[in-house]
Amino acid sequence: MNKTHVSGYIKTDKKYYRFFLRYRDASNNTKHISFSVNLKIKGNKRLANQILSYSKRNLVCCEKDEDIEKEKERIKKEMIQKFMCKDSEKTAHYPDIKEEKAQNNLYDHIQISPKMLFSDYLSYWLENIAIDDIGQGAYATYKINIENRINPYFKYLNITLKDLTAMDIQIFYIKTAKGYSIQGKDYPPIKPATIKKNHSNIRKSLQFASDMKIIKENPSLLCKLPKIEHTEFRVYNEIEMEKLFEIARGSTIEFAILAASFYGLRRSEIVGLKWSAIDFNRKIISIQHTVTEYTLDNRIVRQEKDKTKSQSSLRILPLVPPFEELLNHLKEEQDKNRILCGEQYNEKDSDYILVDPLGNRRKPSYVSETFKSLLRKNGMPVIRLHDLRHSCATLLYKNGVDLKQIQKWLGHSDISTTMNIYTHFDYDIKLNSARTMLKALSWKQNCVQK
């Protein structure tokens, strides 16, 4: 048995809720558990969410099918015991369950109260509520924001959950924008985008407290956030892209540079691309697996996921001849390295395309750092690897590809995302509209005649 991250969801089965839990075992195989506690749908949505949250935290992840079946019965009984024990009809099938006080009130279940410090509540919410609903990468970001900025400030003020006001939160945002000191420790100013992230953490935590009737309302909803000024990113033009391809040829990240420049792939998609995603017969590339990197508790964590940033990011792209040629070359190199290294070769990562000579998958940070080093060494303007994705979009647009096609190529979930990132697209569209109107109305000729 092992403890690992458990995800879950709820479905309705006629008149009742049914709970589904999912995790990966030590062999990276997905295991499923589903159960029902005969909880009726009507009027019990909040209780259903409590049961799901608690069962995800307390499930013991097993390897063998027989152990999984036992664990299913155990978690089912425990949920009935903790949440359903007042209903004799629902406990009739489990005579071994002792009568306990029904835990229909969240106060009793997680033992939080309006009188507790807001900083203490925020920590509890992060570790017991939010962790079940967000990915590990998002959890790591939340944890940094809360522990490094939000909690030290509010703990110093000694503000309780019930006494927290919108003005308290607003003053926090104002101070974090300018910088402040607490007990001799300096907290430097942070950017509006980071303040917005802090606000997201505060708002979500207080919304949960409001939904659970711990507080009357969410005070953060009244707060105003500083305006975020979008900085212009640097993109490469056609000449710079051609030069980049020249200096990248034969380098350890040639594949990554071409994938970002031509296909506009994200770093997580490049590092996560596998040979099994390449169909040489049908000439297609499937973007369906990612590798992300984040810091948690002062250590770097890398996460492999059979999912992309959004549903729209799951896309199929054409395998063009130059890229196919490069992939064939990389495949030959890996086969040679496998023979040369023998038992030292890492077969575990053998399905990944971007690997080192020993077969180890390249780290996301290695790709970014090597890219900037390559640019500096060759006297090129230093940009981020992600800016090659922007360069790709810009070149597509300049060469007549419409925004809807660019959206699908890049894997944006909404066309407004494409428009918001590439604001110059909006200007170009308006400029073309102005030229069309001038041509249609012959305004220039009329003005001259007058």
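In the description that follows, a residue is called buried when its relative accessible area is under 20%, exposed when the value is over 50%, and partly exposed in between, with a 1.4 Å probe and protein chains only. The structure is a predicted model, in which local features need pLDDT of at least 70 and side-chain atom pairs count only at pLDDT 80 or more, while totals for chains, interfaces and linings use all residues. Residues are numbered from 1 along each chain as its sequence is written, and side-chain values use heavy atoms, with hydrogens and water left out.

Salt bridges were assigned where a side-chain nitrogen of Lys or Arg lies within 4 Å of a carboxyl oxygen of Asp or Glu, and by this rule the count comes to 13. One of these bridges joins the side chains of Glu269 and Arg266, with an N to O distance of 2.7 Å. Both partners are buried: Glu269 because its relative accessible area is 1%, and Arg266 because its relative accessible area is 10%.

Arg74 is partly exposed, since its relative accessibility is 33%, whereas Glu71 is buried, since its relative accessible area is 6%. Glu78 joins Glu71 and Arg74 in a network of salt bridges.

Helix α12 (residues 321–341) holds another such pair, Asp335 and Arg338, again 3 residues apart and about one turn of the helix. Their side chains form a salt bridge with an N to O distance of 3.1 Å. Asp335 is partly exposed at a relative accessible area of 34%, and Arg338 is likewise partly exposed at 24%.

Charge is also grouped on the surface, where Asp65, Glu66, Glu69 and Glu73 gather in a patch of negative charge. Such patches are made of residues with over 30% relative accessible area and no salt bridge, like charges being joined within 9 Å and nonpolar side chains (Val, Leu, Ile, Met, Phe, Trp, Tyr) within 5 Å. Lys and Arg count as positive and Asp and Glu as negative, with His and the chain ends not counted, and the place of a charge is taken as NZ of Lys, CZ of Arg, CG of Asp or CD of Glu.

Turning to the strands, two of them are regarded as paired if DSSP finds at least two bridges between them. Strand β1 (residues 7–13) runs antiparallel to strand β2 (residues 16–24) and is joined to it by 7 bridges, with Tyr16 in β2 as the bridge partner of Asp13. Strand β2 is in turn joined to strand β3 (residues 30–35) by 6 bridges, also in antiparallel fashion, and Arg24 stands opposite Thr30 in β3. The hairpin formed by β2 and β3 has 5 residues between the strands, among them Asn28 in the turn, with a positive phi of about 70°.

Strand β7 (residues 284–287) is connected to β10 by 4 bridges, and Ile287 stands opposite Arg315 in β10.

Most residues other than glycine have a negative phi. Asn158, although not a glycine, has a positive phi of about 60°; this residue is found in the loop between α6 (136–157) and α7 (166–178) and is exposed because its relative accessibility is 51%. Gln183 has a positive phi near 50°, is found in the loop between β4 (180–182) and β5 (185–187), and is exposed, with a relative accessible area of 72%.

Notes: Areas by Shrake-Rupley, 256 points an atom, 1.4 Å probe, with all protein chains shown as cover. Helix = DSSP H or I, 4+ residues; strand = E, 2+ residues; numbered from the N terminus.
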